[in-house]
Protein chains: 2
Amino acid sequence: MVDTESFIEQKVTEISEAIGDSNAIIALSGGVDSSTAAALAYEAVGDQLTPVYVDTGLMRKGETEEIRETFSYMENLRVVDARERFLDALSGVVDPEKKRHVIGEGFIREFETVAREVDADYLVQGTIYPDRIESEGTIKSHHNVGGLPDVIDFEGIVEPMRDLYKDEVREVARALDLEEIVSERMPFPGPGLAVRVLGEVTEGKLEVAREANHVVEEELAEHEPWQALAAVLGKATGVKGDNRVHGWVVAVRSVESRDGMTARAQEVDWATLQRIQSRITGENENVSRVVYDVTHKPPATIEYE
Amino acid sequence: MVDTESFIEQKVTEISEAIGDSNAIIALSGGVDSSTAAALAYEAVGDQLTPVYVDTGLMRKGETEEIRETFSYMENLRVVDARERFLDALSGVVDPEKKRHVIGEGFIREFETVAREVDADYLVQGTIYPDRIESEGTIKSHHNVGGLPDVIDFEGIVEPMRDLYKDEVREVARALDLEEIVSERMPFPGPGLAVRVLGEVTEGKLEVAREANHVVEEELAEHEPWQALAAVLGKATGVKGDNRVHGWVVAVRSVESRDGMTARAQEVDWATLQRIQSRITGENENVSRVVYDVTHKPPATIEYE
């Protein structure tokens, strides 16, 4: 990448020329990639852009509210409440690939509806370089909404950041004053908390995952991880009072990385791990166990599914 | 407990008087409790005692061979190969309580067969004080073979260690020269590796659990845990080469305790955790993730099911 300011200037011009007088749409996931792409596109075409944020019910604590606030300056921001539709569609689905597929389809359906409503001819996407490399090997097939161009007949796809690495995206985001997104948000997968609960997605598991992710992000912020998360793995025995119970096992993961393509499990001190386990088991009586992921990528991935 | 030597002398006399000229049987699990009870009973009645070790296929690596060797001095040692019968009975069983039940029933069936064959009137059991307390609250209903007296009509039950804590049992074991059992064996539950694989018991999961437990016991020996173990939790994504795979998640647990009734997750240094994860993921290509359990008991239990 050339210097950040020149990059932004160049891309704004390119996007503006590409889209012209037409309407464009972009899927806002809440992550730094799509947020940055949206900000770039808004610089270029203003209210011709409709940023669409789908509240799938698979989002982190407070995320929908934060998105609404951060992007309130864009006139055509759409926040779609699709929680019930997603949970219904995911009911009974256990296979991880099937889950991703159902979520991918759901996203497409929601965007399609809005795209037709606003008569969008262009699709802006926050694809970055590692996404393109990894989709070739199908490592994260539906982490991003890849299927959109196949079902809606756009005149063109605009991917202003397709050659950037993550740290370069962060530089651009900072230059665009997306401070909150950059500083407070870690990478978060498209299917959201669904890939942080193994097996079927249920409201109960999502609640555990949402609270646990909140605790982990708070407690590990000062360790400055590339990504820190919590996942619900399954049920194991625990003990409440004098009785045996079956409670959720929550995995905590915190990794260091330059680009997400490889990652190192982060060494976190025992006192912090104890504070995390105590908060997670204390705040939800259905959690009886907290484990810390000590595996690098490879052989593990950063996310759980 | 009075001093160890006097305790042994007193118990040997009591057992001898209780059993008289009859035959007795004891279930050897390979753990320190039943081993010590067997050694005490053998001191008392010699070849009137038939120690029965059931190879369920749920045992640790090399365990059956070690048992055979350690107790080869007892004339009537029986090693029953019941591996196929247990795996068949466990096929399709997912519920943890049901699993314990099936295994408990299987044990009873195997012992019953031998008890009738040798015409045993007395049952010797390695029950210790915390077992009695915990069964009242049903915290570990089938960790020990509790159902035996209900289906076989013994003349009497002999429980020489019913008032001892675990550390006292270890003292007795040492005094009885059960050095190998004391120094090399950690507490191991009756249902064996079945409670260290969540969900259905399959040969594939057992293989992963067996190797992982072996690695954990080796690597953590010098940390002198009360108990150290590995459990197979479920499948999550991993990456091999350029492709996404679904591999097993293995949990590693190491605890400090005085009596097993409460326990503290042990602080293990990062280098050791890394060596463990690298060996476990390296030795079995179906394992993509290793997590370390940081929860105490309560709210978790020591074992996983």
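1. Helices, as the word is used in this note, are DSSP runs of H or I that span at least four residues, and they are numbered from the N terminus. By that definition B:Lys166 belongs to helix α8 (residues 166-175) of chain B. The coordinates under review are those of a predicted model, and the points below should be read with that in mind.

2. B:Lys166 deserves a look at its surroundings. With a relative accessible area of 8%, B:Lys166 is buried, because buried means under 20%. When neighbours within four places in sequence are left aside, its contacts are with B:Val32, B:Asp33, B:Ile128, B:Pro187, B:Trp226 and B:Arg258.

3. Helix α8 of chain B also takes part in a helix pair. Helix α1 (residues 4-19) of chain B packs against α8(B) at an angle of about 80°, and the two axes are 10 Å apart. This angle makes α1(B) roughly perpendicular to α8(B), since values from 65 to 115 degrees are counted that way. On the α1(B) side the contact involves B:Thr4, B:Glu5, B:Phe7 and B:Ile8, which meet B:Glu171, B:Val172 and B:Ala175 of α8(B). Sorted by class, the residues of this contact of α1(B) with α8(B) are 4 nonpolar, 1 polar and 2 charged.

4. Apart from neighbours within four places in sequence, B:Ala41 is in contact with B:Ile15, B:Gly46, B:Leu49 and B:Val124. The C-alpha atoms of B:Ala41 and B:Glu14 are 9.7 Å apart in space, while the two residues are 27 residues apart in sequence.

5. On the relation between the chains, chain A is superposed on chain B by a rotation of 180° with 0.0 Å of shift along its axis, at an RMSD of 0.1 Å. The two copies are thus related as by a two-fold rotation axis. Within chain A, the C-alpha nearest that axis belongs to A:Tyr292, at 2.5 Å from it. Of the interface residues of chain A, 100% are also interface residues in chain B, so the copies meet through the same surface.

6. The pair formed by helices α10 and α11 can be examined in each chain. In chain B, helix α10 (residues 203-220) and helix α11 (residues 270-283) pack at an angle of about 155°, with axes 10 Å apart. That angle makes α10(B) roughly antiparallel to α11(B), because angles over 145 degrees are counted so. The crossing of α10(B) and α11(B) is right-handed. The residues that α10(B) brings to the contact include B:Ala212, B:Val215, B:Val216 and B:Leu220, and those of α11(B) include B:Arg275, B:Ile276, B:Arg279 and B:Ile280. By class, this contact of α10(B) with α11(B) comprises 6 nonpolar, 1 polar and 6 charged residues.

7. In chain A, the axes of α10(A) and helix α11 (residues 270-283) come within 10 Å and cross at roughly 155°. Here too the description follows from the angle, which makes α10(A) roughly antiparallel to α11(A). The crossing in which α10(A) passes α11(A) is right-handed. Among the residues that make the contact are A:Glu211, A:Glu218 and A:Glu219 of α10(A), together with A:Thr272, A:Arg275, A:Arg279 and A:Glu283 of α11(A). The contact of α10(A) with α11(A) has 6 nonpolar, 1 polar and 6 charged residues.

8. Some backbone geometry calls for attention, given that most residues other than glycine have a negative phi and most peptide bonds are trans. A:Pro298 and A:Pro299 are joined by a cis peptide bond with omega of about 10°, and A:Pro299 lies in the segment after β9 (287-293) of chain A. In chain B, the peptide bond from B:Pro298 to B:Pro299 is cis, with omega near 10°, and B:Pro299 has its place in the segment after β9 (287-293) of chain B.

9. Two loop residues of chain A complete the list. A:Asp119, although not a glycine, has a positive phi of about 55°, and it is found in the loop between α5 (96-118) and β4 (122-124) of chain A. Its relative accessible area is 53%, and A:Asp119 is therefore exposed, the cut-off being over 50%. A:Glu224 is likewise not a glycine and has a positive phi, of about 45°, and A:Glu224 lies in the loop between α10 (203-220) and β6 (227-240) of chain A. At 66% relative accessibility, A:Glu224 counts as exposed.

How values were computed: Residues are numbered from 1 along each chain as its sequence is written. Chains are lettered from A and ligands numbered from 1 in the order in which they are written. This is a predicted model: local features need pLDDT of at least 70, side-chain atom pairs count only at pLDDT 80 or more; totals for chains, interfaces and linings use all residues. Side-chain values use heavy atoms; hydrogens and water are left out. Copies are superposed by least squares on the C-alpha atoms of residues with pLDDT of at least 70 in both. Contact means heavy atoms within 4.5 Å. Axes are lines fitted to C-alpha atoms, for helices over the stretch in contact, and angles run from 0 to 180 degrees between N-to-C directions. Angles under 35 degrees count as roughly parallel, over 145 as roughly antiparallel, 65 to 115 as roughly perpendicular and the rest as oblique. A crossing is left-handed if the near helix is turned anticlockwise from the far one by less than a right angle, and right-handed if clockwise. Ala, Val, Leu, Ile, Met, Phe, Trp, Tyr, Cys and Pro count as nonpolar, Asp, Glu, Lys and Arg as charged, and the others, Gly among them, as polar. Buried means under 20% relative accessible area, exposed over 50%, partly exposed in between (1.4 Å probe, protein chains only).
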